[in-house]
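The structure is shown below.

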Amino acid sequence: MQIYLWLKAIHIAAATTWITGLVVAGLAVASRLVRAGIQTAQDPYLLEAVRRWDRFFTLPAMLLTWALGIAMAMQAGWFSSHWLMIKLTIVGALLALHGVLSGTLRRLARGADRPAAILLYAAPATILGIVMIAILVVTKPF
Amino acid sequence: MIVPSNAAEELGQLRRMRLVSVVEGCTLLILVFVAVPIKHLGGHAIATTIIGPIHGMAFLLYIWTLIQTVSGADFTRPDVVRMVVAAFFPFGAFLNERALRRRQALLASG
C-alpha cells in the first residue's frame with residue numbers, strides 16, 4: 001500500500017481521537033457553567049478522568065494529527081493551495097481552544113469555581129470547525 | 001485526595017513549560033546554525049528536511065503548552081502578552097524560560 005494511504009488513515013484516526021477529546025473536555029468545562037456552581041461528590045473524579053484522558057490521549061493525538069497532516073501536505077505539494085491555508089487556520093484555532101480547555105480543566109481541578117462563560121460554546125465550536133475542515137478537505141474548492 | 005496540591009501542581013506545570021521552552025529554543029538553534037548552513041554551504045538539503053519539521057512540531061507543542069499554562073494559572077495580563085509575543089520571535093522561548101524559572105523559584109520559596 002502507498003505510504004500516503006497509511007499517513008492518511010493514521011491522520012484521520014488521530015484527528016478523530018483529538019476532536020473527540022476536545023468535545024469531551026468542552027462538555028466537562030461547560031457542565032460547570034450549566035449547573036451554576038452546584039457540585040456533586042462525583043465531580044472531582046470525573047474532572048480528573050477527563051484531565052488524564054486529555055494528557056495521555058488527546059494531546060498525543062493532536063501532535064500526531066499535525067505531524068501526519070504536514071507530512072501528507074508536503075508529499076502531495078498542497079502548501080500553495082488556499083483551501084489548505086484556511087484549514088490550517090481552523091486547525092490552529094482548535095489547537096488554541098484545546099490549550100484553553102486543558103488549562104481550564106487544570107484550574108477547575110485546583111478548586112476554581114466557574115470557568116469563562118464563553119467556554120459554554122467550546123464543544124459546538126469544535127464541531128463547527130471539524131465540519132468546515134471536512135468540507136474543505138473533500139471538496140478542495142480553491 | 002483527587003485534587004492535587006495547588007503549589008505542587010503549579011510547580012509541575014512550570015517545569016513542563018520550561019522544558020518545552022528549552023526544546024523549542026534548541027531545535028531552532030540547530031535549525032538556524034547547523035541545518036541551514038549545511039544546506040546552503042554544503043548543498044545537503046536533507047538537514048533542513050529533517051530538522052525543519054522537528055522544530056515545527058516543537059513550536060506547536062510550545063504554543064499549546066503556553067496557552068495551557070496561562071489559561072490554568074493566575075498570570076497577569078502583561079505577563080501573558082509578553083510571553084505570547086516572545087513566542088513568535090526567534091529565541092523568545094529562552095526569555096520565557098528565564099521568566100518561568102523566576103516564577104517557579106518564587107512559588108517554591110513561598
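In this predicted model, the rule finds 10 residue pairs in polar contact across the interface of chain B and chain A, with both residues of each pair at pLDDT 80 or more. On the side of chain B that touches chain A, the elements that give two or more residues are H1 and H2 of chain B. H2(B) supplies the largest share of that side, namely 10 residues.

The size of an interface is often given as the accessible area lost when the parts come together. Between chain B and chain A, the buried area is about 2000 Å², and carbon and sulfur atoms give 63% of it. The contact draws 23 residues from chain A and 21 residues from chain B. Four salt bridges are counted between the two chains. One of them joins the side chains of A:Arg110 and B:Glu10, at 3.4 Å from N to O.

| Item | Value |
|---|---|
| Residues from chain A | 23 residues |
| Residues from chain B | 21 residues |
| Salt bridges, chain B and chain A | four salt bridges |
| Polar contacts, chain B and chain A | 10 residue pairs |

The nonpolar cores are considered next. The largest nonpolar core has 48 residues, and A:Trp18, A:Trp66 and A:Leu101 are those with the most contacts inside it. Both chains contribute: the elements that give two or more residues to this core are, in chain A, helix H1 (3–34), helix H2 (43–76), helix H3 (82–109) and helix H4 (122–139), and, in chain B, helix H1 (6–42), helix H2 (46–71), helix H3 (77–87) and helix H4 (92–109). H3(A) gives the most to this core, with 11 residues.

Leaving aside residues up to four places away in sequence, A:Trp18 touches A:Thr58, A:Ala61, A:Met62, A:Thr65, A:Trp66, A:Val91, A:Leu94, A:Leu95 and A:His98. Another core, of five residues, lies apart from the largest one and includes B:Leu28, B:Ala35, B:Ala47 and B:Ile51.

One backbone feature remains. A:Lys140 has a positive phi of about 40 degrees although this residue is not a glycine. A:Lys140 lies in the segment after H4 of chain A. Is A:Lys140 buried, partly exposed or exposed? A:Lys140 counts as partly exposed because its relative accessibility is 34%, a value between the limits of 20% and 50%.

Technical notes: Residues are numbered from 1 along each chain as its sequence is written. Chains are lettered from A and ligands numbered from 1 in the order in which they are written. This is a predicted model: local features need pLDDT of at least 70, side-chain atom pairs count only at pLDDT 80 or more; totals for chains, interfaces and linings use all residues. Side-chain values use heavy atoms; hydrogens and water are left out. A nonpolar core is a set of buried Ala, Val, Leu, Ile, Met, Phe, Trp, Tyr and Cys residues joined through side-chain atoms within 4.5 Å. Buried means under 20% relative accessible area, exposed over 50%, partly exposed in between (1.4 Å probe, protein chains only). Helices (H or I, at least four residues) and strands (E, at least two) are DSSP runs, numbered from the N terminus. Contact means heavy atoms within 4.5 Å. Buried area is the accessible area (1.4 Å probe) that two parts lose on being put together, summed over both. A polar contact is a pair of N or O atoms within 3.5 Å; within protein, one must be able to donate a hydrogen and the other to accept it, and residues adjacent in sequence count only if both atoms are side-chain atoms.
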